[in-house]
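Open the model in your viewer and keep the selection tool at hand. We will go from stop to stop, with something to pick at each one.

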Amino acid sequence: MGIYIKDMEMPTSCPCELVGHGYDLHCSFVCGVPARVKEYYECCQHGTRPAWCPLIPVPEHGRMGDLDAAVEKLKRLREYHSDDSQSGVFIAHGISQCIEVLTGKDAPTIIPADKEGG
C-alpha cells in the first residue's frame with residue numbers, strides 16, 4: 001500500500017518536507033541502515049536524492065479509480081449479454097470496445113498497481 005500527499009511538490013533533493021523539525025532531523029526512510037544514513041547526509045550536502053528514496057512523482061491527472069476492477073465488471077457484463085440474439089451481440093461488442101479503451105495505450109497508468117493488488 002502507498003500514500004498520496006496532496007499539494008506537495010516532488011522533492012529534488014534531501015532533506016525534503018517529510019523530514020522532522022527541530023534538533024533531531026533525519027529521514028524516516030533511512031530506517032537505521034548505516035549505509036543509508038551515510039548516503040542521506042551526502043545527499044543533503046550535494047543537493048541530490050538517494051536511489052532508495054521511495055517517493056515517486058504523480059503527474060497531473062483526472063479522477064482516479066481502479067481500472068482493473070472496472071474491466072472485470074465489464075467482462076462479467078459482456079458474458080451476461082453475449083447470447084445469440086442481435087442485441088446481445090451488439091451489446092457484447094460495445095462492451096468489448098469499452099474494455100479495449102480501458103486497457104489500451106490511451107488509458108495511461110498514473111500510479112502502477114501495487115504488489116498486493118495486481
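Before the first selection, a word on pockets: on a 1 Å grid over the protein atoms alone, a pocket is an open set of points with protein on both sides within 12 Å along at least five of seven lines, and its lining residues have an atom within 4 Å of a point. This is a predicted model, where local features need pLDDT of at least 70 and side-chain atom pairs count only at pLDDT 80 or more, while totals for chains, interfaces and linings use all residues. Residues are numbered from 1 along each chain as its sequence is written, and side-chain values use heavy atoms, with hydrogens and water left out.

**Stop 1: the largest pocket**

Select V58, M64, I110, I111 and P112: of the 43 residues that line the largest pocket, these lie nearest its centre. The pocket holds about 1,800 Å³ of space, where a volume is the space filled by probe spheres set on the points, and grid points are joined across faces, edges and corners. Now colour α2 and α3, the elements that give two or more residues to this lining. Helices here are DSSP runs (H or I, at least four residues), numbered from the N terminus. The largest share of the lining, 4 residues, comes from α2. By class, the pocket lining divides into 25 nonpolar, 8 polar and 10 charged residues; Ala, Val, Leu, Ile, Met, Phe, Trp, Tyr, Cys and Pro count as nonpolar, Asp, Glu, Lys and Arg as charged, and the others, Gly among them, as polar.

**Stop 2: helix α3**

Next, select residues 86-103, the 18 residues of α3. At 1.5 Å a residue (times one less than the number of residues), α3 should span 26 Å, and its end C-alpha atoms are 26 Å apart, which agrees. Which residues of α3 are buried? Pick G88, A92, I95, S96 and I99; buried means under 20% relative accessible area, exposed over 50%, and partly exposed in between, with a 1.4 Å probe and protein chains only.

**Stop 3: the largest cavity**

Select C14, C16, C27, C53 and L55, which lie nearest the centre of the largest cavity among its 14 lining residues. A cavity is a set of grid points where a 1.4 Å probe fits but cannot get out. The count comes to 1 cavity of 30 Å³ or more, and the largest has a volume of about 90 Å³. Its lining has 12 nonpolar, 1 polar and 1 charged residues.

**Stop 4**

Most residues other than glycine have a negative phi, and most peptide bonds are trans. Go to the segment before α1 (34-46) and find P15; the peptide bond from C14 to P15 is cis, with omega near -5°. D7, also in the segment before α1, has a positive phi near 65° and is exposed, with a relative accessible area of 73%. Then pick C31, where phi is positive at about 55° and the relative accessible area is 58%, which makes C31 exposed. Finish just after α1, where G47 takes a positive phi of about 70°.
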